[in-house]
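Okay, thanks for making time, everyone.

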Amino acid sequence: MRTGKSLPLLLGLLLTLTGCGLVGGDRSPEPLTPMPSEVPTGPEYARAEDVVAALVKGGFDCKTTLVNHYAHGSNATCEVQHRGTTVYNEIKVLDTARFSRDEVGDSIAVGRRAYRQTIVAAGNWFIWVRPGVYAHDMAAALPGSVVLDPIVEK
């Protein structure tokens, strides 16, 4: 009889697919973490280099060490010598035609929660400032921005 051999094979296949998440369970995407309400809607920038230029205009000689452009945004890293310390600013700018405010907020939340990053943010951009103790100084050079401390869950 074939059913004697088919049933264990079928059960094994079903258990394998269930373990992989292909059968059963909720496969819907995680809900987005909204943009924190204290983050202003502007200013918005088209490219990461525009944020670097705003830092320079705000009084920081931010030397760019990396720039990447993507179809729907850009990022850059720039270094500032401040109070005897090298401050690293990892800048992300997301295209508002492609990304909603909550998608930008979700990206920020990942950095704050998973990596305990201190973020300066406004509009469609954010900066991971390292060391984070200098985030308020960077924010002061970028009118309209706010500092978001890391999210430490207890």
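Predicted model: local features only at pLDDT ≥ 70, side-chain atom pairs only at ≥ 80, totals over all residues.

Residues are numbered from 1 along each chain as its sequence is written, and side-chain values use heavy atoms, with hydrogens and water left out. Helices (H or I, at least four residues) and strands (E, at least two) are DSSP runs, numbered from the N terminus.

Back to α2, which covers residues 48-57. Which of its residues are buried? They are A48, V51, V52, A54 and L55. Buried here means under 20% relative accessible area, exposed means over 50%, and partly exposed is in between, with a 1.4 Å probe and protein chains only. Look down the axis of α2 and those buried residues fall within an arc of 160 degrees, so they line one face of the helix. That arc is taken from the directions from the helix axis to the C-beta atoms. And what do they pack against? The partners are β1 (63-70), β2 (73-82), β3 (85-94), β5 (125-130) and α4 (135-140).

That brings me to α4, where D137 sits. D137 is buried, at 18% relative accessible area. Its side chain makes a polar contact with the side chain of H82, at 2.9 Å. By polar contact I mean a pair of N or O atoms within 3.5 Å; within protein, one must be able to donate a hydrogen and the other to accept it, and residues adjacent in sequence count only if both atoms are side-chain atoms. Leaving out residues up to four places away in sequence, D137 touches F60, H82 and R83, where contact means heavy atoms within 4.5 Å.

R83 is in the loop between β2 and β3. R83 is exposed, at 64% relative accessibility, and has a positive phi of about 55 degrees without being a glycine. R116, in the loop between α3 (101-114) and β4 (119-122), also has a positive phi, near 55 degrees. R116 is exposed too, at 52%.

Why flag these? Because most residues other than glycine have a negative phi, and most peptide bonds are trans. P43 is in the loop between α1 (3-19) and α2; P131 is in the loop between β5 and α4.
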